[in-house]
Amino acid sequence: MYDVVVDTTEGRAAYLVIAVGMKVVPVAMPSPDVAIEADRVVVKLPRARLQGMAALDMTALGPNYKRGRDILGGDLKDQKGADIGDVKDLVLNAADGVIANVVIAFDPKPWEQPGWVALPRTSVRHEGRDFVATFNLDDMRPASQAQAEQRRFEAAKAAAATVDRDERVSELVG
């Protein structure tokens, strides 16, 4: 596989791009002729058929279609337009090609946690080559902290006593 063409409006892989000799051809997604097996993409089309297909023409597709390699390396900006990170990868759902996550390496100034973060696709919007965060960076926290908060919430919920309607003060007073 050579590349992926992303429909930025729908947030999905529209085409897989296959190198055949000296040209690259698009194969529409989803396709019964494409399977994802473990860590590789298997195209079930004969080479002769791929060679007979029209070459990829990005201008004919329109401005909402971007090559994956043109998206990678783009920026993540906050809602005011400040650069807060770099787009490192996209995570696709293998069954339908929908972009599940946008993988970001945050700049250390606004986010001091090491490593990359897989943001849900719904937490960013695509603009040109870049993405814009639709969340407030101050609301983010490491997964370990979020898990600890969830455990505390579940423990408090389990410890909470259930109250019959007749025992509530608001029902007794009056």
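**Pairing strands and open pockets**

Trainee: Is Asp-75 buried or exposed?

Mentor: In this predicted model, the relative accessible area of Asp-75 is 19%. The cut-off for buried is under 20%. Asp-75 passes that cut-off, so the answer is buried.

Trainee: Which residues does Asp-75 touch, not counting residues up to four places away in sequence?

Mentor: Start with its place: Asp-75 lies in strand 7, residues 75-77. Leave out residues up to four places away in sequence, and the residues that Asp-75 touches are Asp-83, Gly-85, Asp-86, Val-87, Asp-130 and Phe-131.

Trainee: What is the order of the open sheet of 6 strands?

Mentor: Strand 10 and strand 11 (124-127) each pair on one side only. Neighbouring strands are turned by 40 degrees against each other on average, direction ignored. The pairing in this sheet is mixed, and the order is 10-9-8-7-12-11.

Trainee: How many bridges join strand 8 to strand 9?

Mentor: These two strands form a hairpin, with 6 residues between them. Gly-97 sits in the turn and has a positive phi of about 80 degrees. Most residues other than glycine have a negative phi. Strand 8 and strand 9 run antiparallel, and the number of bridges joining them is 7.

Trainee: In strand 9, which residue is the bridge partner of Val-91?

Mentor: Strands of a sheet pair through backbone hydrogen bonds. Strand 9 covers residues 99-106. Within strand 9, the partner of Val-91 is Asn-101.

Trainee: How many of the 8 residues of strand 9 are buried?

Mentor: Strand 9 pairs with strand 8 over 7 bridges. Strand 9 is also joined to strand 10 (residues 117-120) by 4 bridges. Strand 9 is largely enclosed by the rest of the structure, because the number of its 8 residues that are buried is 7.

Trainee: In strand 12, which residue is the bridge partner of Arg-125?

Mentor: Strand 11 and strand 12 (residues 130-133) pair in the antiparallel sense over 4 bridges. One of the residues in strand 12 is the partner of Arg-125, namely Val-132.

Trainee: Which are the edge strands of the open sheet of 4 strands?

Mentor: That sheet has the order 3-2-1-6, with antiparallel pairing. Its twist averages 30 degrees from one strand to the next. An edge strand pairs on one side only, and here the edge strands are strand 3 (23-28) and strand 6 (65-67).

Trainee: Which residue stands opposite Arg-12?

Mentor: Strand 1 and strand 2 pair in the antiparallel sense over 5 bridges. Arg-12 belongs to strand 2, and opposite stands Asp-7.

Trainee: Is the peptide bond from Met-29 to Pro-30 cis or trans?

Mentor: Pro-30 is found in the loop between strand 3 and strand 4 (34-37). Most peptide bonds are trans. From Met-29 to Pro-30, omega is near -10 degrees, and the bond is cis.

Trainee: How many residues of the lining of the largest pocket are nonpolar?

Mentor: About 380 Å³ of space lies in this pocket. Its lining has 22 residues, and Met-1, Val-4, Leu-16, Leu-90 and Leu-92 lie nearest the centre. Elements that each supply at least two lining residues include strand 1 (3-7), strand 2 (12-20) and strand 8 (83-92). The lining holds 3 polar and 5 charged residues, and the nonpolar number is 14.

Trainee: How much space lies in the second largest pocket?

Mentor: Residues lining this pocket include Asp-78, Ile-84, Phe-135 and Asp-138. The lining divides into 4 nonpolar, 2 polar and 3 charged residues. The space in the second largest pocket is about 180 Å³.

Methods. Residues are numbered from 1 along each chain as its sequence is written. This is a predicted model: local features need pLDDT of at least 70, side-chain atom pairs count only at pLDDT 80 or more; totals for chains, interfaces and linings use all residues. Side-chain values use heavy atoms; hydrogens and water are left out. On a 1 Å grid over the protein atoms alone, a cavity is a set of points where a 1.4 Å probe fits but cannot get out, and a pocket is an open set with protein on both sides within 12 Å along at least five of seven lines; lining residues have an atom within 4 Å of a point. Grid points are joined across faces, edges and corners, and a volume is the space filled by probe spheres set on the points. Ala, Val, Leu, Ile, Met, Phe, Trp, Tyr, Cys and Pro count as nonpolar, Asp, Glu, Lys and Arg as charged, and the others, Gly among them, as polar. Two strands pair if DSSP finds at least two bridges between them. Axes are lines fitted to C-alpha atoms, for helices over the stretch in contact, and angles run from 0 to 180 degrees between N-to-C directions. Buried means under 20% relative accessible area, exposed over 50%, partly exposed in between (1.4 Å probe, protein chains only). Contact means heavy atoms within 4.5 Å.
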